[in-house]
Amino acid sequence: MSWGFNNVAIKLAIHDIPPLIQSSVRSLIAALLVGAWTQARGIPLFKRDGTLWAGILAGILFAIEFLLIYRGLVWTTATRGVLFLYLAPFFVVIGSRWLVPGDHFHLSQWLGLLLSFVGIVIAFGLPTPAADRRQVLGDLMLVGGAAAWAATTLTIKASALNRISAEKTLLYQLVVSAPLLGLGAIVSSERITAMPSAVALGAFAYQTIYVVSITFTIWFALVVRYSAARLSVFTFLAPLFGVAAGHLVLGEPLTPAFAVALVAAGLLLVNRPR
């Protein structure tokens, strides 16, 4: 639900704060907030624990994910983007088979995964053929963003990062991604031409303080504790909540109830006891 409403927050802020500037500054401010939280809680950050290179890799993947998503949406539509981005759970399930022993799907769980994805297709519609080469590039960038998202999840699950606090895991990603995304904003010639509106600043604060600093920390804690493959399927709920949030805040049309039922049925199949 939090991530679904985040989609609306991005839309509300993007006209005043360009996408990669949003991502870079968001990572920077969230890093300061999470860092302050770790100090207040006495969570060690600089102890030698063998996580440095895995943490840097996770941070690079985190930056690549958002760079590809935000820039890809410049050339393709939001509807197409959702469908290509939510290929990520498939990548997680496939990668888990080799990288996370014992975390692989049986036939009924694959059926549940496919049912949930069909629910997303019904909610957003099948994409029409790409209109031009730039749209194809945008589509491929969203697929790349999905792969980077899955690779980040698998890196955390299969490396020494699964032995440290979720706050430190998130800090690796925020600290590494902030300058990389900032560089992407410079290369893309993004700039803020006027003082952002109060609505844009409020939406940006929601993303930074709540979504990134709090819900991302919770997500990485869950990834370590539970099956990455099963957990990733729950992300299919985010775009459906995004549709509901878009209806409530922006007056956009609602998703068919049948789509919600399919996603729910898929989740039940994936997570039912064996």
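Visitor: Leaving aside its neighbours within four places in sequence, which residues is threonine 38 in contact with?

Guide: First, the ground rules. This is a predicted model: local features need pLDDT of at least 70, side-chain atom pairs count only at pLDDT 80 or more, and totals for chains, interfaces and linings use all residues. Residues are numbered from 1 along each chain as its sequence is written, and side-chain values use heavy atoms, with hydrogens and water left out. Contact means heavy atoms within 4.5 Å. Beyond those sequence neighbours within four places, threonine 38 touches Ile43, Leu45, Glu167 and Leu171.

Visitor: Is threonine 38 buried or exposed?

Guide: Buried means under 20% relative accessible area, exposed over 50%, partly exposed in between (1.4 Å probe, protein chains only). Threonine 38 counts as buried because its relative accessibility is 0%. Threonine 38 sits in helix 2. Helices (H or I, at least four residues) are DSSP runs, numbered from the N terminus. Leucine 32 is in helix 2 too, but leucine 32 counts as exposed because its relative accessibility is 60%.

Visitor: Which residues form a nonpolar patch on the surface?

Guide: Nonpolar side chains (Val, Leu, Ile, Met, Phe, Trp, Tyr) are joined within 5 Å. Accessible areas come from the Shrake-Rupley method with a 1.4 Å probe, and for residues only the protein chains shown count as cover. Here the patch is Val25, Leu28, Ile29, Leu32, Leu33 and Ile209, with about 510 Å² of accessible area together. Helix 2 (residues 19–41) gives the largest share, 5 residues.

Visitor: How much space lies in the largest pocket?

Guide: Rolling a probe the size of a water molecule over the atoms shows where empty space is left. On a 1 Å grid over the protein atoms alone, a pocket is an open set of points with protein on both sides within 12 Å along at least five of seven lines; lining residues have an atom within 4 Å of a point. Points are joined across faces, edges and corners, and a volume is the space filled by probe spheres set on them. The largest pocket holds about 990 Å³. It has 38 lining residues, with Asn7, Ile10, Leu73, Val82 and Leu85 nearest its centre. Helix 1 supplies the largest share of that lining, 7 residues.

Terms used. Patch = residues over 30% accessible without salt bridge, like charges linked within 9 Å, V, L, I, M, F, W, Y side chains within 5 Å. Salt bridge = Lys/Arg side-chain N within 4 Å of Asp/Glu carboxyl O. Helix = DSSP H or I, 4+ residues; strand = E, 2+ residues; numbered from the N terminus. 1 Å grid on protein atoms, 1.4 Å probe; cavity = no way out; pocket = protein on both sides within 12 Å on 5 of 7 lines; lining within 4 Å.
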